[in-house]
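Thanks for coming. I have one structure to go through today, so let me put it on the screen.

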Amino acid sequence: MLQPDFVQLQSEGRDLVKSCDEKCPPEGEEGNPFNFTPQLIRVHKDHELFEDGDIQRHLYLQDLYISETEDKPALSLSEFACHISGCSAVFSTLEEYEHHYNSLHRHVCCSCRRSLPSARLLDIHIQEWHDSLFTILAQRQDMYQCLVEGCGQKFRTSQHRKEHLIRTHKYPPDFRFDKPKKDKGEKKRQQQTDTAMEVADSVCESEGVCEVMCDVPPDQPESMETRVFEGEAAHTAESEGHTDLSATGHSTENTNSEAVKPRYSYRVPANVCFGHGSVRGFRGRRGGRGK
Amino acid sequence: MRGLSFIMSMATPLTTKQAANSSQIANYSHPYNQMWRLDRVRHKAGRHVSHLDELRSKRREHERELRQARRDNQLVSRRLLLSEDEDQLEITMDTDLGEQDVVSLFHKLQHNGPEREIHLKALSKALRDPPAQLIFIKQENSMHLLVGFLTGSNASCRLQAVRCLHELSHSPHTNIAPACLPATPYLLTYLSGQSTKFTELCLYTLGNLCPESDVVKEKLLAQGIIPALANCMENQKHNFAVVEAAGFTLSQLLQDRDAVVKIIPQILASSLPSHLLSVLTPDPNFGLAPAIECAWCLHYLTCGMENNRVLLSYGALSKCSSLLVSVGGAVSERKKEDGLELLICPLLRCVGNLLSSCSVEDLSSQIADARIVVTLFELLQAHVQTQPALARESAWVLNNLTAHSSAFCSSLLTLNLVPGLIQLLSFSQGLNTMILRVLANIAHKKKEFCVQLAHLKLLSALYATLKMADQDIVTLSMDVLFMLVVSDSQVAEEFVRHDGLSLLQALQYKSEGKIRRRATYLLENHLQSYTS
């Protein structure tokens with residue numbers, strides 16, 4: 001039978017198992033990336049794994065050993081981290097993580113990376129922002145839905161809708177769904193060089209729904225710039241600021257998004273869409289998930 | 001108080017030594033250290049609370065220094081054998097005697113008068129003081145004088161002379177050891193003698209000198225320290241004090257960074273391995289200490305060589321694993337202060353590294369006692385909060401045990417140890433990664449095991465581990481998930497039922513490539529029927 005595989009740990013290594021790529025079989029048939037194989041692990045005497053035990057040994061030799069446990073640091077629990085690219089949030093409990101994820105990443109528009117609080121609002125957002133058909137129809141008919149579920153009314157412009165929300169549904173004039181947007185201008189500029197998909201914390205801050213829908217300008221006009229797209233697309237797309245994202249905005253964005261394809265740092269899975277009206281990848285509540 | 005001032009006066013040279021950038025950590029005998037040769041390791045300063053606090057803070061500081069020394073590859077200790085007359089009361093008096101002039105004692109001894117025994121004894125006490133050690137060495141022909149007494153016809157003088165050498169060997173000053181070289185051939189010769197106390201002193205002196213410098217070590221090797229130690233252990237195998245001392249000396253040799261090339265082959269060729277193994281079992285009367293020393297020697301031997309064929313042929317794995325079962329088991333029933341961890345730790349390491357050299361066919365013959373999995377599991381659970389490093393090492397051994405053995409994987413399942421392992425997945429610092437490796441080892445063996453693991457709610461645990469911050473555990477979790485999902489369609493269904501698809505879809509946006517690729521592959525190739 002074959003000699004057992006083993007991984008030799010270097011004395012300087014902090015990692016317990018050397019990078020799998022060295023000893024493990026490479027990605028196998030049909031690009032199957034799963035290559036786990038059980039491994040015998042040999043540990044050199046100077047390895048970090050042995051540090052604590054060695055210290056106890058030498059304390060014993062030096063007659064300073066105390067076997068009772070005294071303020072020894074207990075093993076810490078593992079942390080959880082939001083795994084969405086660009087989000088660096090870390091949590092100490094699973095509940096915190098789930099809350100974060102459900103609040104900020106569940107309903108994300110994959111075109112512009114904005115996070116919406118619900119599936120319905122995401123739908124509306126996509127329709128209003130990334131659907132060219134909508135833009136065309138909106139010129140002739142009332143297309144802007146009231147955000148309140150069950151109301152059913154539609155309006156010619158987002159401004160009208162906003163007024164309706166305030167008047168009829170008693171929304172505050174400066175309505176935001178969640179925390180107010182923070183200053184993202186600087187962050188945004190720094191992010192210019194990042195690859196497209198790596199939008200930093202802004203992704204994870206739920207913005208005002210009303211802003212998203214009605215295109216209320218944020219505190220910093222510049223922050224309207226780069227959502228995702230590098231370079232030119234960003235600048236022209238939303239610098240219109242106060243006006244609602246009317247045909248102008250849309251068409252500009254559309255043109256640019258065709259001209260400047262969003263550039264991503266890695267291969268994007270095929271079943272995740274980018275583009276207009278067919279965002280489904282992020283919207284967790286899909287068919288097949290019977291809850 | 002006199003006793004306290006003694007500690008203080010001992011404390012300062014430590015800092016001077018550090019300032020002088022000495023490479024080694026001093027080994028000061030603690031005045032409250034009554035008997036360090038223990039039948040079991042006892043908490044030393046139990047009587048005086050104030051001194052207990054002092055001991056603790058000194059220990060903490062020492063621990064920091066030791067860690068740094070280890071990182072610098074300079075972790076070395078020396079042991080001091082206290083003489084019988086050393087107890088608390090004596091210490092205070094000794095400080096007076098210690099002030100006796102080393103130089104004047106030396107001169108007196110040179111006259112070789114009838115009171116030489118008394119002077120030698122006084123000298124040995126005086127040499128407890130590091131500055132005095134330096135002064136003595138600087139005296140011309142001082143070592144020559146000592147060697148003369150060491151090899152003379154007066155047995156008492158021999159004993160006192162070796163006592164002086166022992167104090168010198170324990171010195172924090174680095175230039176003292178080379179000065180002791182003229183004595184070493186004689187010390188080695190005396191290892192085959194029959195006087196217990198004398199032999200012990202020779203051994204500990206040699207053990208202290210070994211790691212001091214390459215020059216010293218080369219000389220000792222050339223003078224035949226290894227055969228001398230082998231003979232000593234052979235002839236004195238029933239004398240546990242001597243065995244312990246020999247074990248200590250051997251362990252000092254083995255920690256050398258070039259041990260693999262220069263020292264280990266010679267040791268493996270001698271009778272030392274079999275002696276070490278035979279001493280491994282703690283004696284009910286004499287206790288842990290000799291077993292501890294021998295276990296550490298075996299540890300250095302096993303992690304030194306890439307192939308432990310020789311040690312395996314001696315039955316090392318069998319012996320170590322059986323012993324581990326008998327001392328490591330029933331952890332909760334043990335008293336906390338017995339210091340058994342000092343033995344368990346090197347045993348764990350021996351088993352772990354020996355397993356990595358053992359083919360799976362030989363495994364069943366080498367590890368006779370299948371209860372080893374229970375022992376390892378109990379050690380894991382018992383230490384995860386108190387000594388996490390020991391828990392990590394236990395998990396590592398469990399990995400090596402289960403890597404290629406279906407039998408041991410199966411026993412983890414049948415002995416119902418898996419739920420306990422799953423619970424430990426919430427801990428960090430490498431523990432959960434190693435435990436998940438163990439579970440992955442099980443899953444890798446056969447599909448039936450996967451189904452059983454899923455039944456034991458491993459899937460639920462993976463929903464959590466897949467969200468952890470550590471990339472390694474996420475990747476490994478994906479690997480385990482893959483094995484579970486492809487093992488049985490029911491497992492796949494359960495996964496999907498619990499919102500698994502959206503979890504995978506979200507993982508596709510992971511910044512780490514290995515994880516992205518795995519999530520995609522799983523979705524596209526094995527769960528495609530569930531994605532609409």
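This is a predicted model: local features need pLDDT of at least 70, side-chain atom pairs count only at pLDDT 80 or more; totals for chains, interfaces and linings use all residues.

Before anything else, a definition: when I say contact, I mean heavy atoms within 4.5 Å. With that in place, take B:L481. Leaving out its neighbours within four places in sequence, B:L481 is in contact with B:L459, B:L462, B:L466, B:F495, B:L504 and B:L522.

Now the two chains. Chain B contains 33 helices and 0 strands. Of its 532 residues, 60% count as buried. If you take the contacts in chain B between residues at least 6 apart in sequence, 75% of them join residues at least 24 apart. Chain A has 10 helices and 8 strands. It has 291 residues, and buried residues make up 50% of them. For chain A, 54% of the contacts between residues at least 6 apart in sequence join residues at least 24 apart.

Next, the domains of chain B. The division gives domain 1, residues 1-18 + 303-437, domain 2, residues 180-282, and domain 3, residues 446-532. Domain 1 of chain B puts 13 residues into its contact with domain 3 of chain B, and domain 3 puts in 17 residues. How much area is buried between domain 1 and domain 3 of chain B? The figure is about 1,100 Å², with carbon and sulfur atoms giving 82% of it. On the domain 1 side, B:L413, B:I422 and B:L436 supply 48% of the area buried against domain 3 of chain B, more than any other three residues.

One helix deserves a slide of its own, and that is α8 of chain B. This helix covers residues 155-169, so 15 residues by its definition as a helix run. From first C-alpha to last, α8 of chain B reaches 21 Å, close to the 21 Å expected at 1.5 Å a residue. Is α8(B) enclosed or open, and why? It is largely enclosed by the rest of the structure, because 11 of its 15 residues are buried. The buried residues of α8(B) include B:C157, B:R163, B:H166 and B:E167, and the list also has B:V162 and B:L165 in it. What covers these buried residues includes α5 (116-126), α6 (130-138), α7 (142-150), α9 (176-179), α10 (184-190) and α11 (196-209) of chain B. At the N-terminal end, α8(B) is capped by B:N154, with a side-chain oxygen 2.9 Å from the backbone nitrogen of B:S156.

On to helix α14 of chain B, residues 240-254, where B:T249 is found. B:T249 counts as buried because its relative accessibility is 0%. Beyond its neighbours within four places in sequence, B:T249 is in contact with B:L203, B:Y204, B:L206, B:G207, B:C210, B:I225 and B:L229. Not counting residues up to four places away in sequence, B:S251 touches A:R57, B:E293, B:C297 and B:Y300.

B:H444 is partly exposed, with a relative accessible area of 35%. The C-alpha atoms of B:H444 and B:S406 are separated by 9.4 Å, and the two residues are 38 residues apart along the chain.

Last, two backbone angles to look at. B:N416 has a phi near 60°, a positive value in a residue other than glycine. B:N416 lies in the loop between α25 (406-414) and α26 (418-423) of chain B, and it counts as exposed at 52% relative accessibility. B:K457 is not a glycine either, and its phi is positive at about 75°. B:K457 lies in the loop between α28 (447-455) and α29 (458-465) of chain B. With a relative accessible area of 56%, B:K457 is exposed.

That is the end of my slides.

Conventions: Residues are numbered from 1 along each chain as its sequence is written. Chains are lettered from A and ligands numbered from 1 in the order in which they are written. Side-chain values use heavy atoms; hydrogens and water are left out. Helices (H or I, at least four residues) and strands (E, at least two) are DSSP runs, numbered from the N terminus. Buried means under 20% relative accessible area, exposed over 50%, partly exposed in between (1.4 Å probe, protein chains only). The expected span of a helix is 1.5 Å times one less than its number of residues. A polar contact is a pair of N or O atoms within 3.5 Å; within protein, one must be able to donate a hydrogen and the other to accept it, and residues adjacent in sequence count only if both atoms are side-chain atoms. Domain bounds come from an automatic or database domain assignment. Buried area is the accessible area (1.4 Å probe) that two parts lose on being put together, summed over both.
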